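I opened a new page for this protein and wrote down each thing I looked up, in the order I looked it up. The entries follow.

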Amino acid sequence: MAASRIDAAWEVLHSVPDPEVPAVSVCDLGIVRDVIEHDDGLEVVLTPTYSGCPATEAIEHDVLAAIERAGLGPARATLRRAPAWTSDWISDEGRAKLKAYGIAPPAHLTPEQAAGTAVPIRLFGRHAGERSASPRCASERTERLSAFGSTACKALYRCLACREPFEHFKPI
């Protein structure tokens, strides 16, 4: 039995890398929310990790190009910003890929955080906020060097055990 067009699209989308963290796919990160078949083609529903994410246009382009290359077009992308993306949408496989790439994956949100009743992120002090285990040696003896890493969705940490710097994908 042949795979449906939607199943084939999902398979293709799992191979589209995130432009900022190419070790994970846009599906691993939970950016692809849905694939819907319409009479005039496929609709790929995307939720960017941040409403102002500079990679949104590149993701949209790469997703549509991959669908077209696979012969599954025509297709269009729809941006759905509500509900807002959460780091809990990162798949377990995506979390493992982040760690292997050298980025500490975010912890799962607590029920309070998921409900939006948690204390907001504080941007002060090296030891403020969540501890993040080193993706290199797994030590939890770490310190945050900067609330912002190479992109807005990551923070810069240093391991006090192995002395290696690393990025931590922020839980939101």
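**Entry 1: the whole chain.** I began with burial and found that 38% of the 172 residues in the protein chain are buried. I noted that the model is a predicted one. Next I listed the secondary structure: the protein chain has 4 helices and 7 strands. Reading along the sequence, I wrote the pattern as α-β-β-α-β-α-β-α-β-β-β. I also looked up contacts with a separation of 6 or more in the protein chain, and residues 24 or more positions apart account for 51% of them.

**Entry 2: the open sheet.** In what order do the 3 strands of the open sheet lie? I found the order S1-S2-S3, with mixed pairing. S1 and S3 are the edge strands, since each of them pairs on one side only. On average, neighbouring strands of this sheet are turned by 20 degrees against each other, direction ignored.

I then went to one pair of strands. S1 and S2 run antiparallel and are joined by 6 bridges. As an example of who faces whom, Glu-37 stands opposite Leu-42 in S2.

Two helices came up while I was on this sheet. Helix H1 (residues 5-13) packs on the sheet and touches S1 and S2. The direction of H1 makes about 145 degrees with that of S1. Helix H2 (residues 56-69) also packs on the sheet, touching S2 and S3. For H2 the angle is about 155 degrees, taken against the direction of S3.

**Entry 3: salt bridges.** How many salt bridges does a search of the whole structure find? The search gives 7. I looked at several of them.

One of them joins the side chains of Asp-40 and Arg-76, at 3.2 Å from N to O. Asp-40 lies in the loop between strand S1 (32-38) and strand S2 (41-46), and Arg-76 lies in strand S3 (residues 75-79), so this pair ties together parts that are 36 residues apart in sequence. I checked how open each partner is. Asp-40 has a relative accessible area of 53% and is exposed, while Arg-76 has 34% and is partly exposed.

Another salt bridge is between the side chains of Lys-97 and Glu-93, at 3.3 Å from N to O. Both sit in helix H3 (residues 92-101), and because they are 4 residues apart there, about one helical turn separates them. Lys-97 is partly exposed, at 28% relative accessibility. I also noted that Asp-28, Glu-93 and Lys-97 are linked in a network of salt bridges.

The next one I looked at is Lys-154 with Glu-167, where the closest N and O atoms are 3.5 Å apart. Lys-154 is in strand S6 (residues 154-159) and Glu-167 is in strand S7 (residues 165-169), so the pair ties together parts that are 13 residues apart in sequence. Are these two charged residues, Lys-154 and Glu-167, buried or exposed? Lys-154 is buried, with a relative accessible area of 2%. Glu-167 is buried too, at 17%, because the cut-off for buried is under 20%.

**Entry 4: strand S7 and its partners.** In S7, 4 of the 5 residues are buried, so the strand is largely enclosed by the rest of the structure. S6 and S7 pair in the antiparallel sense over 5 bridges. Within this pairing, Arg-158 stands opposite Pro-165 in S7. The hairpin of S6 and S7 has 5 residues between the strands, and in it Arg-163 takes a positive phi near 70 degrees.

S7 also pairs with strand S4 (residues 103-104): the two run parallel and are joined by 2 bridges. Here Ala-104 stands opposite His-168 in S7.

**Entry 5: rings.** Last, I looked up aromatic side chains, and the count came to 2 aromatic pairs. In one of them, the rings of Tyr-157 and Phe-166 have their centres 5.7 Å apart and their planes at 20 degrees, so the pair is stacked. Tyr-157 and Phe-166 are both buried.

A ring can also have a charge over it, so I noted one such case for Trp-89. The charged end of Arg-33 sits over the ring of Trp-89, 3.5 Å from the ring centre.

Note on methods. Residues numbered from 1 in each chain as written. Predicted model: local features only at pLDDT ≥ 70, side-chain atom pairs only at ≥ 80, totals over all residues. Heavy atoms only, no water. Salt bridge = Lys/Arg side-chain N within 4 Å of Asp/Glu carboxyl O. Buried < 20%, exposed > 50% of the residue type's maximum accessible area, 1.4 Å probe, protein only. Pairing = 2+ DSSP bridges. Axes fitted to C-alpha atoms, helices over the stretch in contact; angles between N-to-C directions. Contact = heavy atoms within 4.5 Å. Phe/Tyr/Trp six-rings, centres within 6.5 Å; stacked < 30°, edge-to-face > 60°. Lys NZ or Arg CZ within 6 Å of the ring centre and 35° of its normal.
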